[in-house]
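Hi everyone, thanks for coming. I'd like to walk you through one protein today, so please have a look at the screen.

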Amino acid sequence: MTDADDSTTKVHYICQTYVEQKPGRDGHASLKIGKQFQYSTAAEAQNRAEREVQSEDCAGADAYMISEDPSSGEVGSPSFLVRLGNVPETDDY
């Protein structure tokens with residue numbers, strides 16, 4: 001017999017920031033992940049992204065949610081709540 005909670009999809013709410021890396025040989029600056037924060041609600045993740053993007057060293061911020069199947073460990077694609085500032089193309093995920 002299995003516990004009913006084992007088959008429940010778990011939702012994670014994430015705020016992820018980006019910082020610009022110095023231009024490479026091609027002369028283009030690129031983005032890298034700065035910080036990641038996990039929250040229990042979408043509003044908390046979105047509020048943090050809005051605060052983080054105002055920071056001088058933050059190029060951009062995403063707030064998104066992902067679903068995880070605890071029984072298989074599989075994680076779905078991100079569903080963006082808000083994208084602020086300079087962020088990677090969604091094809092990069």
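What pattern does the protein follow, read along the sequence? The answer is β-β-α-β-β, with one helix and four strands in the protein. Helices (H or I, at least four residues) and strands (E, at least two) are DSSP runs here, numbered from the N terminus.

Two notes before we go on. This is a predicted model, where local features need pLDDT of at least 70 and side-chain atom pairs count only at pLDDT 80 or more, while totals for chains, interfaces and linings use all residues. Residues are numbered from 1 along each chain as its sequence is written, and side-chain values use heavy atoms, with hydrogens and water left out.

Let's start with the sheet. The four strands form an open sheet in the order β2-β1-β3-β4, and the pairing is antiparallel. Two strands pair if DSSP finds at least two bridges between them. At the edges are β2 (31-39) and β4 (79-85), each pairing on one side only. From one strand to the next, the twist averages 20°. For angles like this, axes are lines fitted to C-alpha atoms, for helices over the stretch in contact, and the angles run from 0 to 180 degrees between N-to-C directions.

As a reminder, strands of a sheet pair through backbone hydrogen bonds, either parallel or antiparallel.

Now the pairs one by one. Strand β1 (residues 10-20) is joined to β2 by seven bridges, and Tyr18 stands opposite Ile33 in β2. Between β1 and β3 there are nine bridges; here Thr17 has Ala61 in β3 as its bridge partner. Six bridges then join β3 to β4, and Ala63 is partnered with Val82 in β4.

Where does the helix go? Helix α1 (residues 42-52) lies across β1, β2, β3 (60-68) and β4, and runs at about 5° to β1. Contact, by the way, means heavy atoms within 4.5 Å. Among contacts between residues at least 6 apart in sequence, 55% join residues at least 24 apart.

Buried means under 20% relative accessible area, exposed over 50%, and partly exposed in between (1.4 Å probe, protein chains only). Of the 93 residues of the protein, 26% count as buried.

Cys58 lies in the loop between α1 and β3. Leaving aside neighbours within four places in sequence, Cys58 is in contact with Thr17, Tyr18, Glu52 and Val53. The C-alpha atoms of Cys58 and Tyr18 are 6.0 Å apart, although 40 residues separate the two along the chain.

Last, two charges over rings. The charged end of Arg48 sits over the ring of Phe37, 3.6 Å from its centre, and that of Arg83 sits over the ring of Phe80, 4.1 Å from its centre. The rule is that NZ of Lys or CZ of Arg is within 6 Å of the ring centre and within 35 degrees of the ring normal.

Thanks, everyone!
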